[in-house]
Amino acid sequence: MIKDILDNFNKKKFIIFLVGITVLRLAIGSYLNLSDDEAYYLLWSRNLGMSYYDHPPLIAYLIRLITSIFGENNFSVRFVSVGMISITSIYISIRSPTIYTKVRG
């Protein structure tokens with residue numbers, strides 16, 4: 001069953017779907033208020049440190065980078081998470097056939 005799915009995998013349709021869902025997430029996310037965690041990450045990005053009590057610092061660095069480019073708004077804070085989700089999806093789509101063939105032998 002998984003082999004059939006991987007054999008019929010259409011990369012062009014996947015990229016179109018991924019771009020569409022990413023644009024939709026960014027459009028909707030720019031109008032919604034920040035959640036508690038997102039506001040907390042924004043505070044971290046205002047005062048950068050080498051580490052934080054409960055998380056590593058990469059999220060703060062990325063939010064600081066994006067907010068310095070686009071300004072401090074809901075879109076910039078959410079751009080980091082939506083971008084990372086898209087990058088992770090692309091990585092999984094590239095690696096899954098390789099991993100599957102190694103497991104199946």
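These legends describe a predicted model in a series of close-up views. Residue numbers start at 1 along each chain as its sequence is written, and side-chain values rest on heavy atoms, without hydrogens or water. In this predicted model, local features need pLDDT of at least 70 and side-chain atom pairs count only at pLDDT 80 or more, while totals for chains, interfaces and linings use all residues.

**View 1. The protein chain has five helices and zero strands.**
From the N terminus on, the elements run α-α-α-α-α. Helices (H or I, at least four residues) and strands (E, at least two) are DSSP runs, numbered from the N terminus. Of the 105 residues, 22% count as buried. Buried means under 20% relative accessible area, exposed means over 50%, and partly exposed lies in between (1.4 Å probe, protein chains only). Take the contacts with a separation of 6 or more: residues 24 or more positions apart account for 52% of them. A contact means heavy atoms within 4.5 Å. The accessible surface comes to about 7,900 Å², and 66% of that belongs to carbon and sulfur atoms. Accessible areas come from the Shrake-Rupley method with a 1.4 Å probe; for residues, only the protein chains shown count as cover.

**View 2. Arg78 is a buried residue in helix H5.**
Helix H5 spans residues 74-104. Arg78 counts as buried because its relative accessibility is 11%. A polar atom of the Arg78 side chain lies 2.6 Å from the backbone oxygen of Asn33. The backbone oxygen of Leu32 lies 3.0 Å from a polar atom of the Arg78 side chain. Polar contacts are pairs of N or O atoms within 3.5 Å; within protein, one must be able to donate a hydrogen and the other to accept it, and residues adjacent in sequence count only if both atoms are side-chain atoms. Beyond its neighbours within four places in sequence, Arg78 is in contact with Leu26, Gly29, Leu32, Asn33, Leu34, Ser35 and Glu38.

**View 3. Tyr40, Tyr41 and Trp44 form one aromatic cluster.**
The whole structure holds five aromatic pairs. In the pair of Tyr40 and Trp44, the ring centres are 4.9 Å apart and the planes meet at 55 degrees, so the pair is tilted. Rings of Phe, Tyr and Trp (its six-membered ring) pair if their centres lie within 6.5 Å; planes under 30 degrees apart count as stacked, over 60 as edge-to-face and the rest as tilted. Tyr40 and Trp44 are separated by about one helical turn, because they sit four residues apart in helix H3 (residues 36-46). Trp44 is buried, at 5% relative accessibility. Tyr40 is partly exposed, at 37%.

**View 4. Phe75 and Phe79 make a tilted pair in helix H5.**
Their ring centres are 5.7 Å apart and their planes are at 45 degrees, so the pair is tilted. Phe75 and Phe79 are four residues apart, about one turn of the helix. Phe75 is partly exposed, with a relative accessible area of 26%. Phe79 is also partly exposed, at 29%.

**View 5. Ile15, Val19, Val23, Ile90 and Ile94 make a nonpolar surface patch of about 430 Å².**
Helix H2 (11-29) and H5 are the elements that give two or more residues to the patch. H2 supplies the largest share, three residues. Ile94 is found in helix H5. Ile94 counts as exposed because its relative accessible area is 57%. Patches are made of residues with over 30% relative accessible area and no salt bridge; like charges are joined within 9 Å, and nonpolar side chains (Val, Leu, Ile, Met, Phe, Trp, Tyr) within 5 Å. A salt bridge is a side-chain nitrogen of Lys or Arg within 4 Å of a carboxyl oxygen of Asp or Glu.
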